[in-house]
Amino acid sequence: YCIELIQELEKEKEKEKEEFKPDIIFTHNAGDLNVDHRYTFQAVMTATRPMEDEGVKTVITFETNSATEWQYSRHPENFRPNLYVEVSEEDVQANVRLMAAGLWEKESGEKLIAAMDEVMREIDAKVAEIPESERKSVALLSVMPTYGGAGSTFDDMCKHAGVINGVAAIGLQNGQILTKELLVKVNPDIA
């Protein structure tokens, strides 16, 4: 039964690939704990074999909270990220609209976005009450040394949280490297 299910999933992925003709496919990671995620990964890999006439040039796997990180840490296919994609508030809203349209629920999508905007306005109003002199300076220490400057999602989060992004405050833009010397210059209250 399991083999039949996998074969049917592979046929479905090949049909979708032919219909949409993507250059890039995003799919689950081979090492996810959830079996259906692993089957989906395998079906995508089967559907995108590196044949001469294959249109898909890139397959990117992603982390799924409550599935990827639960795998045994020494599993040979454990997820090791090497690509990071910046996601803005506008990107989230655009994706909500796309998913809602795909489900013929445009009105529900707009209601969700309006609710999200309302929550953000409430947060921003509370943050506005925090005096500038009481706002803590923070710095993001990450495996991505070029992430966290002005214009990053982290910078947006700092603004909404009522803290000062120290990296942006010293003039670093997203994409510029935060060196040890610059971190000392930032002198964050929290890192």
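Predicted model: local features only at pLDDT ≥ 70, side-chain atom pairs only at ≥ 80, totals over all residues.

Student: OK, and what pattern do they follow along the sequence?

Tutor: Going along the sequence, you get α-β-α-β-α-α-β-α-β-α-α.

Student: What about the overall dimensions, what does the C-alpha trace span along its principal axes?

Tutor: About 65 × 45 × 30 Å. The radius of gyration is 21 Å, while a compact globule of 191 residues would come out near 16 Å.

Student: And how much of the protein chain is buried?

Tutor: Buried residues make up 30% of the 191. The chain exposes about 13500 Å², and carbon and sulfur atoms supply 56% of that area.

Student: Switching to charges: how many positive and negative ones are there?

Tutor: There are 20 positive and 35 negative charges, and their mean positions sit 3 Å apart.

Student: Now the inside. Which residues form the largest nonpolar core?

Tutor: Five of them: Ala139, Val167, Leu172, Leu178 and Val186.

Student: Let's pick Val167. Where is Val167 found, and is it buried or exposed?

Tutor: Val167 is found in helix H6, which covers residues 166–169. Val167 counts as buried because its relative accessibility is 4%, and the cut-off for buried is under 20%.

Student: What is Val167 in contact with, leaving aside neighbours within four places in sequence?

Tutor: Its contacts are Val138, Ala139, Gly148, Gly149, Leu172, Leu178 and Val186. As for Met157, 10 residues away along the chain, its C-alpha atom is 13 Å from that of Val167.

Student: Ala139 is in that core too. What does Ala139 touch, skipping residues up to four places away?

Tutor: Ala139 touches Phe154, Val167, Leu183, Val186, Pro188, Ile190 and Ala191.

Student: Do a loop residue next. Where does Trp104 lie?

Tutor: Trp104 lies in the loop between helix H3 (89–102) and helix H4 (106–128). Its phi is near 55°, which is a positive value in a residue other than glycine.

Student: Got it. Is Trp104 buried or exposed?

Tutor: Trp104 counts as exposed because its relative accessibility is 77%, and exposed means over 50%.

Student: What about Asn187, what is its phi?

Tutor: Asn187 has a phi of about 45°, a positive value even though Asn187 is not a glycine. You'll find Asn187 in the segment after helix H7 (180–186). At 58% relative accessibility, Asn187 counts as exposed.

Student: Let's jump to the start of the chain. Which helix holds Leu5?

Tutor: Leu5 is in helix H1, residues 2–20. With 42% relative accessibility, Leu5 counts as partly exposed.

Student: Last one: where is Ala128, and is it buried or exposed?

Tutor: Ala128 lies in helix H4, and at 59% relative accessibility Ala128 counts as exposed.

Methods
Residues numbered from 1 in each chain as written. Heavy atoms only, no water. Helix = DSSP H or I, 4+ residues; strand = E, 2+ residues; numbered from the N terminus. Rg over C-alpha atoms; globule rule 2.2 N^0.38 Å. Buried < 20%, exposed > 50% of the residue type's maximum accessible area, 1.4 Å probe, protein only. Areas by Shrake-Rupley, 256 points an atom, 1.4 Å probe, with all protein chains shown as cover. Lys, Arg positive; Asp, Glu negative; His and termini not counted. Charge placed at Lys NZ, Arg CZ, Asp CG, Glu CD. Core = buried A, V, L, I, M, F, W, Y, C linked by side-chain atoms within 4.5 Å. Contact = heavy atoms within 4.5 Å.
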